[in-house]
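Hi,

Here is the structure I promised to pass on.

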Amino acid sequence: MIDMSERGNRKTQIGIVVSDKMEKTAVVKVDRLVKHPVYNKYIKRSAKYKAHDEENVAKIGDRVLIVETRPLSKDKRWKIRQIIESRA
């Protein structure tokens with residue numbers, strides 16, 4: 001088996017699980033700050049990603065690290081690598 005670190009640089013993001021109702025899938029909300037081009041203020045932008053969760057261990061409110069992977073379904077291109085902080 002090939003170690004994940006040997007497969008090249010994959011994008012990683014940290015987000016919060018907002019839905020765990022699907023089987024083996026969690027919806028993760030990732031926030032980022034973007035500088036406004038005219039007003040030079042920082043604006044919070046967020047995106048939701050469907051991430052593969054093989055053992056269904058992620059629960060709503062958990063802070064997770066997701067990593068980019070090959071397409072697993074129509075909208076699933078991320079995988080949960082680890083749970084950083086559990087809500088319970």
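**The aromatic pair**

Trp-78 is buried, at 7% relative accessibility (buried is under 20% relative accessible area, exposed over 50%, partly exposed in between, with a 1.4 Å probe and protein chains only). Before I go on: this is a predicted model, where local features need pLDDT of at least 70 and side-chain atom pairs count only at pLDDT 80 or more, while totals for chains, interfaces and linings use all residues. Residues are numbered from 1 along each chain as its sequence is written, and side-chain values use heavy atoms, with hydrogens and water left out.

Back to the rings. The count comes to 1 aromatic pair, where rings of Phe, Tyr and Trp (its six-membered ring) pair if their centres lie within 6.5 Å, and planes under 30 degrees apart are stacked, over 60 edge-to-face and the rest tilted. The partners are Tyr-49 and Trp-78, tilted, with 5.1 Å from centre to centre and 50° between the planes. They link distant parts of the chain, with Tyr-49 in strand E3 and Trp-78 in strand E5, 29 residues apart.

**The chain as a whole**

The protein chain has 0 helices and 5 strands, in the order β-β-β-β-β along the sequence. Helices (H or I, at least four residues) and strands (E, at least two) are DSSP runs, numbered from the N terminus. Along the principal axes, the C-alpha atoms fill a box of roughly 50 × 35 × 25 Å. Of the 88 residues, 24% are buried. Take the contacts between residues at least 6 apart in sequence: 49% of them join residues at least 24 apart.

If you care about charge, there are 22 positive and 12 negative side chains, and the centres of the two sets lie 9 Å apart. Lys and Arg count as positive and Asp and Glu as negative, leaving out His and the chain ends; each charge is placed at NZ of Lys, CZ of Arg, CG of Asp or CD of Glu.

On confidence, the chain averages a pLDDT of 93, and 91% of the residues score at least 70 (pLDDT is the predictor's confidence in each residue, from 0 to 100).

**Two loop residues and one in a strand**

Which residues other than glycine have a positive phi? Lys-24 is one, with phi near 60°, and Asn-56 is another, at about 55°. Lys-24 lies in the loop between strand E1 (12–19) and strand E2 (25–35), and Asn-56 in the loop between E3 and E4. Lys-24 is partly exposed at 34% relative accessibility, and Asn-56 is partly exposed at 32%.

Finally, Ile-43 belongs to strand E3 and is partly exposed, at a relative accessible area of 26%. Leaving aside neighbours within four places in sequence, Ile-43 is in contact with Arg-32, Leu-33, Val-34 and His-36. From Ile-43 to Ile-83 the distance is 27 Å, C-alpha to C-alpha, and the two are 40 residues apart in sequence.

Cheers

Key. Contact means heavy atoms within 4.5 Å.
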